Amino acid sequence: MKRPLWAQTTKEMQDYYDNEWGIECHDDRQLFEMLSLETYQIGLSWQTVLNKREAFNQAFYHYDIDRVSSMTDEDVDKLLQNPQIIRNRRKLESTIHNAQVILRIIKTSGSFDNYLWSLSEDFPVVIKVGEDDVLPPKTDLSIEITNQLKKTGFKMVGPVTIFSFMQAAGLVNGRLDNQAQ
């Protein structure tokens, strides 16, 4: 399989690219996890986040939206003692807050998936790229979606984070094999 340079650095990065990145996701729980992971990456490398992914899964009940939305300040205090995760209070609190926002969206839109995909007109944006190409850090669409997410109440969602999320969740398809589609 052809991979971009960033996905060739470690086995974890290869597996992530081969099995997740850029592949359309329509599962609310998985979309919540992807959004959360992208917020953890702010200021860090993706490899760091991948290394801590399983610990985050344990800490956040495998991103069960209901359970995470019910977490308390005491839960955050406990998480801040966990050396297996990224211990940033704002990032941890945003995960809980965003779960609460997602629950509201599910009540009004039926699913987080419906809500997200409606923001991109229900089709992935396809970007033709080569192995050495570097995608832009943000796009006009990621800025628009960021503004909508913020209006809806999401936290830790800047246009760079959201463009990364859009790529991870397949709302943007920048995979090398997308030319064959």
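Q: At what angle do helix α8 and α9 pack, and how far apart are their axes?
A: In this predicted model, helix α8 (residues 140-152) and α9 pack at an angle of about 105 degrees. Their axes are 8 Å apart.

Q: Are α8 and α9 roughly parallel or roughly perpendicular to each other?
A: They are roughly perpendicular, because the angle is about 105 degrees and angles of 65 to 115 degrees count as roughly perpendicular.

Q: Which residues make that contact?
A: On the α8 side, the contact is made by L141, S142, I143, I145, T146 and L149. On the α9 side, P159, I162, F163 and M166 take part.

Q: How do those residues divide by class?
A: The contact of α8 with α9 has eight nonpolar residues, two polar residues and no charged residues.

Q: What about α2 and α9, at what angle do they pack?
A: Helix α2 (residues 28-41) and helix α9 (residues 159-168) pack at an angle of about 140 degrees, and their axes are 9 Å apart. The two helices are therefore oblique to each other. Angles over 145 degrees would count as roughly antiparallel.

Q: Is the crossing of α2 and α9 left-handed or right-handed?
A: The crossing of these two helices is right-handed.

Q: Which residues of α2 and α9 make the contact?
A: Helix α2 contributes L31, M34, L35, E38 and T39. Helix α9 contributes T161, I162, S164, F165 and A168. By class, the residues of this contact divide into six nonpolar, three polar and one charged.

Q: Changing topic, where is Q47, and is it buried or exposed?
A: Q47 lies in helix α3 (residues 46-59). Its relative accessibility is 18%, so Q47 counts as buried; the cut-off for buried is under 20%.

Q: Which residues is Q47 in contact with?
A: Leaving aside neighbours within four places in sequence, Q47 is in contact with T10, E12 and M13. With T10 there is also a polar contact of 2.6 Å, which joins the two side chains.

Q: One more pair: how do α6 and α7 cross?
A: The axes of helix α6 (residues 89-109) and helix α7 (residues 112-119) come within 7 Å and cross at roughly 85 degrees. The helices are therefore roughly perpendicular to each other.

Q: What residues make the contact there, and of which classes?
A: I102, I105, I106 and S109 of α6 meet F112, N114 and Y115 of α7. Five residues of this contact are nonpolar, two are polar and none is charged.

How values were computed. Residues numbered from 1 in each chain as written. Predicted model: local features only at pLDDT ≥ 70, side-chain atom pairs only at ≥ 80, totals over all residues. Heavy atoms only, no water. Axes fitted to C-alpha atoms, helices over the stretch in contact; angles between N-to-C directions. Helix = DSSP H or I, 4+ residues; strand = E, 2+ residues; numbered from the N terminus. Parallel < 35°, antiparallel > 145°, perpendicular 65-115°, else oblique. Left-handed = near helix turned anticlockwise from the far one by under 90°. Contact = heavy atoms within 4.5 Å. Nonpolar A, V, L, I, M, F, W, Y, C, P; charged D, E, K, R; others polar. Buried < 20%, exposed > 50% of the residue type's maximum accessible area, 1.4 Å probe, protein only. Polar contact = N/O pair within 3.5 Å; in protein donor to acceptor, adjacent residues only side chain to side chain.
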